[in-house]
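Hi everyone, thanks for coming. I'd like to walk you through one structure today, so let me put it up on the screen.

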Amino acid sequence: MATLDIKNLAKSFGSVDVLHDINLSIADKEFVVFVGPSGCGKSTLLRIIAGLEEVTSGDILIEGQNVNTHAPVERGISMVFQSYALYPHLSVFENIAFPLRVQKLSNSDVKARVGRAASILQLQDKLSLKPGQLSGGQRQRVAIGRSIVRNPKIFLFDEPLSNLDAALRGDMRVELSQLHRELNATMVYVTHDQVEAMTMADRIVVLNAGMVEQFGTPMELYHRPETKFVAGFIGQPNMNFLTAKVTAASAQEVRVDLDGAITLALPLAGDTVQVGDPVDVGIRPEDLRIVEDGGFEMHVDVIERLGGVCIVYGRIGANETRYCASLAGDARVTEGSMIKLASDPANFHAFDRAGRALHRLNVSFETE
Amino acid sequence: MMDRYSPLQMVGIYLCLAVFLTFILLPFVEMFMASLRPLEHLFRSPYQFWSDDFSFEAYSKMWDTVPLLGRYIFNSVFISTAVTLITMILVIPAAYAFARLDFPYKNATLGMFLGVNMFTGAVLLIPLYRVLQSLGLLNSYWAMIIPGVAFLIPTGIWLLRSYLEKIPRELEEAAYVDGASRIYILRRVVLPLAIPGLIVVGVAVFIGAYAQQFLFAITFNQTREYQPLPAGIFEFIGYQSVTWNEMMAAALVGVLPVMLIFLFLQKYLVAGLTAGAIKE
């Protein structure tokens, strides 16, 4: 079936290395999302899979077959572009039918297949319109329709929702997840939006500076980020990082000293660190709570009340870095006041100087 | 639209426009006036702007003075049309290649095309004459069409290339991913979207062809039946007298239909350029 394997892939444009040593193995019917900041190479990787860019070195295998030199259509992929790339001079029907016209299918075949795609995407009454007469969400559906008529083995999406407004994006996320279930196809999806990644993906590839930081399920990435980058990238609001020094390390526990003020005993595997090593301790805003005694003292600068939650930004000690806590919606805090924050030691993350995570021991989470 | 100019500025703008247009259009007015006068009135002194004996007589007499006049007008339009068609057929794939493909010496070739534009046809008349002579093409329509095409290709490529570059690359990539070949993409995606650009280039080439045919006609063609209007109009210069009024009438009759077509095309052109620009 439609598996996709990427082996030792590298890509450079002239002297600029865009991707280094990418190794991925995507299973049949899997929904994989490439996520990362702008310029991390995620779109380039997708374009290489599509056959729009050539690899500099390495191999792309679809269903076990090397497709490095195959044209996109021979690879059995279809692609939805960020700008939708609809042909403005053709009707919705002809836009969806375009790949079939290229294949020179008979008119009755074209009609049947476009009709089926249109009914999946609820575009039946829009077929005679031009793309210019459609709303953003409808254009998006036409672009998807054009990609499904050919029954490709693998669907590629390049930031397809980034041109839509927030409300529509939420709807389309649900529709795309549903479409994935209905079509039962392998999908690779590129986005810079971690919400899209977390909600739709079976597995997520986090890319940074042309390298794979981590490849795992959304919950793995959230609970067991392998690097400081992934920890900071996944999760909203972002994880807080505090600098600390290791005061004791064993296979079961790591003791750290935060700015000489607070000592924490964290249930982490400490085999890779030594006493005296500097580490970054990470704590997610949603894991913090207000306590009467102990914990970090935070000077509250800004409060964002969202109803369900209340997000507090402030400074800890003399440190100028802004920290963040996500508290209950009715939390009693006022701007300019001091609050004390603490969390269960099991919630803490720690990263060594190279940004590698120390393995968290007492973590349990559901995996699908 | 907001009023961005004060009334005084508007007066200034219109004044400048009036001066500019007067310079451009006055020759046409004078052509028309001359065509209406009897020949002997043209040399009257002092000059009279208005006279009582205006008539359209020259417009009927000119067909007798130069019997082939109709043929000359047809030749003009025919040569220009042929030049335009051949130029477009050659320019479209070339401009697309320059806009989209990567090949060695791309910029150098583009620069050379621009360089060709710096030579006027007159500089190359003698070598061109030799070439056409050895090909046996002198005194034929080809003698005027081939040099016309050659000198208009560079302009065509430069104009159309910049237009094609504005068509979003993603549209072509989408078609390529769906299995379309370059030619298919050019035919079904690029050209339909480039129609306004094609009209602009077509009009520019046609005007260029119309303007430059005179030089090639008098140098490379001696056959009366193939002469275009600018060359044919010479026949109004007789052994004893020059029938200026009829010459002006013939020139106007030859140029007006073409001008009217372009006025009409210009409307279409503006419509084409703004279609879809609002609320995309």
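Let's begin with chain A: the centres of its domain 1 and domain 3, taken over C-alpha atoms, are separated by 40 Å. Before I go on, please keep in mind that this is a predicted model.

How is chain A divided? Domain 1 covers 4–231, domain 2 is made of 238–288 + 346–368, and domain 3 covers 295–342.

Have a look at the loop between α9 (228–233) and β11 (240–249) of chain A, where you'll find A:Pro237. The peptide bond joining A:Gln236 and A:Pro237 is cis, with omega at about -5°.

Now to A:Val363, in the segment after β20 (349–351) of chain A. Which residues does A:Val363 touch, if we leave out those up to four places away in sequence? They are A:His223, A:Arg224 and A:Ala346. Take A:His223: 140 residues of sequence lie between the positions of A:Val363 and A:His223, yet their C-alpha atoms are 7.4 Å apart in space.

A:Lys104 is not a glycine, but its phi is positive, about 60°. You'll find A:Lys104 in the loop between α3 (92–102) and α4 (107–120) of chain A. A:Lys104 counts as exposed because it has 7 C-beta neighbours inside 10 Å, and the cut-off for exposed is 12 or fewer.

The other one is A:Gln122, again not a glycine, with a positive phi near 55°. A:Gln122 sits in the loop between α4 and α5 (136–148) of chain A. Here there are 11 C-beta neighbours inside 10 Å, so A:Gln122 counts as exposed.

Let's move over to chain B. How many helices and strands does chain B have? The count is 11 helices and zero strands. Why do we call chain B more spread out than a compact globule? Its radius of gyration is 24 Å, well over the 19 Å that the globule rule gives for 280 residues, so chain B is more spread out than such a globule. Along the principal axes, the C-alpha trace of chain B spans about 75 × 65 × 30 Å. Of the 280 residues in chain B, 29% are buried. As for contacts in chain B between residues at least 6 apart in sequence, 79% of them join residues at least 24 apart.

One helix of chain B deserves a moment: α3, residues 69–100. At 1.5 Å a residue, its 32 residues should span 46 Å, and the end C-alpha atoms are 46 Å apart, so the two values agree. There is a bend in α3(B), though, of about 30° at B:Val91, and a proline, B:Pro93, follows within four residues.

Finally, how do the chains meet? In chain B, 17 residues are in contact with 17 residues of chain A. On the side of chain B that touches chain A, the elements giving two or more residues are α7 (169–177) and α8 (182–193) of chain B. The largest share, seven residues, comes from α7(B). What kinds of residues make up that side of chain B? They divide into 11 nonpolar, two polar and four charged.

That's my tour, and I'm happy to take questions.

Note on methods
Residues numbered from 1 in each chain as written. Chains lettered and ligands numbered in written order. Predicted model: local features only at pLDDT ≥ 70, side-chain atom pairs only at ≥ 80, totals over all residues. Contact = placed C-beta atoms within 7 Å. Nonpolar A, V, L, I, M, F, W, Y, C, P; charged D, E, K, R; others polar. Expected span 1.5 Å × (residues − 1). Bend = angle between axes of the 7 residues up to and from the residue. Domains from an automatic or database assignment. Buried ≥ 20, exposed ≤ 12 C-beta atoms within 10 Å, placed from the backbone. Rg over C-alpha atoms; globule rule 2.2 N^0.38 Å.
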